[in-house]
Every structure is written in structure tokens, then in C-alpha cells.
Amino acid sequence: MKLFLILGAINGFLAVALGAFGAHGLEGKLSEKMLNTWDKAVTYQMFHTMALFITALVGMKLSQGPLQSAGWFFFIGILLFSGSLYIYSTTGVTLFAMITPLGGVSFLIGWILLGYAIIKYV
């Protein structure tokens with residue numbers, strides 16, 4: 001579970017840094033629509049950074065398989081969902097936007113697994 005705490009700290013840092021970069025470095029360089037897309041990527045990254053921390057903290061009490069899987073699904077979701085939106089918003093290449101739903105599904109699976117582990121083991 002220590003790995004998920006580390007990944008949470010790294011992703012928290014990146015979410016803040018990328019949010020600031022979007023607000024200050026991309027303003028005037030991207031359309032309003034693309035800035036909103038960038039902001040959505042930052043928001044979802046930060047929400048799921050918190051999910052990584054929750055998973056790790058609950059996992060310190062319970063070393064159950066669903067929690068380990070939930071953490072990985074949250075992390076993969078950040079990479080696919082937020083990562084694809086960051087790339088799409090700066091390049092406009094729609095192929096990257098088509099990857100985004102896979103990240104969303106990964107988030108959903110992570111939440112289901114986290115909920116299942118809490119119901120079953122806490």
C-alpha cells in the first residue's frame with residue numbers, strides 16, 4: 001500500500017502543477033473548449049489521487065486483493081483518462097479523446113472494487 005501513497009503524492013503534485021500550467025501557461029494559447037478539457041483532466045486526476053490515498057489507507061488495515069486492484073485501476077484511470085485529455089487538449093488529435101472512456105471505465109471499476117472491499121472487509 002506504500003506504493004499507492006507514493007503514487008498519490010506524485011499525482012497530487014502533478015495535478016496542482018498541471019492545473020497551474022493550464023491556468024497560466026496555456027491561457028490564450030488554447031481555445032476555451034480545450035482549456036475546459038484540460039481543467040477536466042486536472043479535476044479527475046485530483047479526485048482519483050484522493051482515491052489512491054483512501055485505497056492505501058484502508059489497505060493498511062486490510063491487505064485484501066480488491067484494494068490492491070482498486071488502486072491499480074485508479075492509477076491506470078488517471079493515466080488513460082487525464083493523460084489522454086491532456087494530450088488531446090494540446091494537440092487536438094481526436095484519437096486521444098477516444099482513449100478517455102477507457103480511463104473512465106477504469107475509474108468506475110476502481111470505485112466498485114473499493115466499495116466491495118469496504119463492504120466485505122471493514
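Mentor: A crossing counts as left-handed if the near helix is turned anticlockwise from the far one by less than a right angle, and right-handed if clockwise. Keep that in mind for this predicted model.

Trainee: Which hand does the crossing of H3 and H5 have, left or right?

Mentor: H3 and H5 cross in the left-handed sense. Their axes come within 7 Å, and the crossing is at roughly 160°.

Trainee: How are H3 and H5 oriented, parallel or antiparallel?

Mentor: Angles over 145 degrees count as roughly antiparallel. H3 and H5 are therefore roughly antiparallel to each other. Then look at the residue classes. The contact of H3 with H5 has 19 nonpolar and eight polar residues, with no charged ones.

Trainee: At what angle do H1 and H3 pack?

Mentor: Helix H1 covers residues 2–25. Helix H3 spans residues 65–91, and the two pack at about 20° with their axes 11 Å apart. Under 35 degrees counts as roughly parallel, so H1 is roughly parallel to H3. The H1 and H3 crossing is left-handed.

Trainee: Which residues make the contact of H1 and H3?

Mentor: From H1, take Leu 3, Phe 4, Leu 7, Asn 11 and Leu 18. From H3, the list includes Trp 72, Phe 75, Ile 78 and Tyr 86. Gly 71 of H3 is also in the contact. By class, the contact of H1 with H3 has nine nonpolar residues, three polar and no charged.

Trainee: How far apart are the axes of H2 and H5?

Mentor: The axes of helix H2 (residues 32–61) and helix H5 (residues 100–121) are 11 Å apart, at an angle of about 25°. That angle makes H2 roughly parallel to H5. H2 passes H5 in a left-handed crossing. On the H2 side, the contact uses Tyr 44, His 48, Ala 51, Ile 54, Thr 55 and Val 58. H5 contributes Phe 107, Trp 111, Leu 114 and Ile 118. Of these contact residues, eight are nonpolar, two polar and none charged.

Trainee: Where does UniProt place the feature "transmembrane region"?

Mentor: An annotation is read against the model. The unreviewed UniProt entry places this feature at residues 41–60, 72–89 and 95–119. Residues 41–60 are 100% helix and 0% strand, with end C-alpha atoms 28 Å apart. Residues 95–119 are 92% helix and 0% strand, and there the end C-alpha atoms lie 38 Å apart.

Note on methods:
Residues numbered from 1 in each chain as written. Predicted model: local features only at pLDDT ≥ 70, side-chain atom pairs only at ≥ 80, totals over all residues. Heavy atoms only, no water. UniProt positions renumbered as here; feature names shortened; annotations may be inferred. Helix = DSSP H or I, 4+ residues; strand = E, 2+ residues; numbered from the N terminus. Axes fitted to C-alpha atoms, helices over the stretch in contact; angles between N-to-C directions. Parallel < 35°, antiparallel > 145°, perpendicular 65-115°, else oblique. Contact = heavy atoms within 4.5 Å. Nonpolar A, V, L, I, M, F, W, Y, C, P; charged D, E, K, R; others polar. pLDDT = per-residue confidence, 0-100.
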